[in-house]
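Open the model in your viewer and keep the selection panel at hand. This tour goes stop by stop: what to select, then what is there.

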Amino acid sequence: LKMEVEIWLAVLLFCSALLTKILHRLKNRLSIWLTDILISDYSEIKQLESLIELIKNEMDSTEDLEKRISLFNKKTQKQNELTKLSKLSNSRIQRTRKICLAILFIIIEASRLIIIFMNRTTPVFILPTDMLWPLTRIFAYPTGVTGAISPVVWGIICRQLMEQLLSILNFRK
């Protein structure tokens with residue numbers, strides 16, 4: 001059995017499949033992170049929520065009725081501020097998050113497709129012609145080399161392999 005291999009292309013497609021699967025799994029976290037950076041209102045909302053939680057905890061631990069009333073008023077005021085701020089910025093945050101997700105998806109998929117498209121005529125593996133006999137032409141498309149495994153097929157194999165590997169390693173979305 002003689003087998004020719006384009007190692008650089010096989011490794012490049014394998015790494016791109018790994019990277020795309022990891023980025024697909026992390027794209028929601030990345031979009032939240034990018035939204036935090038791009039929109040300052042989001043951090044203000046988080047600060048107000050934590051401040052309200054602190055006031056609530058302080059109010060629960062206080063025995064003095066006057067102090068409880070003042071803390072309750074302060075908490076109500078902060079909740080009103082939070083409601084106003086969240087109404088104003090919620091749609092903007094969601095829109096920015098959707099845009100970030102779309103951009104990340106385009107970058108991830110475009111990079112993988114560009115690698116495959118640029119090397120579509122270079123076979124990744126060339127196997128003996130009788131090894132894949134009934135499916136030889138399907139595996140070789142679009143290289144046109146008999147017995148070859150094309151970058152398109154190798155990319156699909158790598159993606160499936162990465163999906164299984166990441167699910168075995170329990171790499172969460």
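**Stop 1: Ser16 and its contacts**

Select Ser16: apart from residues up to four places away in sequence, Ser16 touches Arg112 and Ile115. The model is predicted, so keep that in mind at each stop. Ser16 sits in helix α1, which covers residues 7-38. Is Ser16 buried or exposed? It is buried, with a relative accessible area of 11%.

**Stop 2: the charged network**

Move on to Arg112. It is buried too, at 11% relative accessible area. Glu109 counts as buried, at 12% relative accessibility.

Arg159 is partly exposed, with a relative accessible area of 22%. Show Glu109, Arg112 and Arg159 together: salt bridges with shared partners join them into one network.

**Stop 3: the loop between α2 and α3**

Select Thr62. You are in the loop between α2 (40-61) and α3 (65-118). Thr62 is buried, at 12% relative accessible area. Which residues does Thr62 contact, leaving aside neighbours within four places in sequence? They are Lys67, Arg68 and Leu71.

Glu58 is partly exposed, at 34% relative accessible area. Lys67 is also partly exposed, at 39%. How many salt bridges does a search of the whole structure find? It finds 4.

**Stop 4: two cysteines**

A disulfide needs the two sulfur atoms within 2.5 Å. The count for the model is 0 disulfides. Cys15 is partly exposed, with a relative accessible area of 39%. Cys158 is buried, at 0% relative accessibility.

**Stop 5: a nonpolar patch**

Finish on the surface. Select Trp33, Ile37 and Leu38. Together they form a nonpolar patch with about 360 Å² of accessible area. Leu38 belongs to helix α1. It counts as exposed, at 57% relative accessibility.

Key
Residues are numbered from 1 along each chain as its sequence is written. This is a predicted model: local features need pLDDT of at least 70, side-chain atom pairs count only at pLDDT 80 or more; totals for chains, interfaces and linings use all residues. Side-chain values use heavy atoms; hydrogens and water are left out. Buried means under 20% relative accessible area, exposed over 50%, partly exposed in between (1.4 Å probe, protein chains only). Helices (H or I, at least four residues) and strands (E, at least two) are DSSP runs, numbered from the N terminus. Contact means heavy atoms within 4.5 Å. Patches are made of residues with over 30% relative accessible area and no salt bridge: like charges are joined within 9 Å, nonpolar side chains (Val, Leu, Ile, Met, Phe, Trp, Tyr) within 5 Å. Accessible areas come from the Shrake-Rupley method with a 1.4 Å probe; for residues, only the protein chains shown count as cover. A salt bridge is a side-chain nitrogen of Lys or Arg within 4 Å of a carboxyl oxygen of Asp or Glu.
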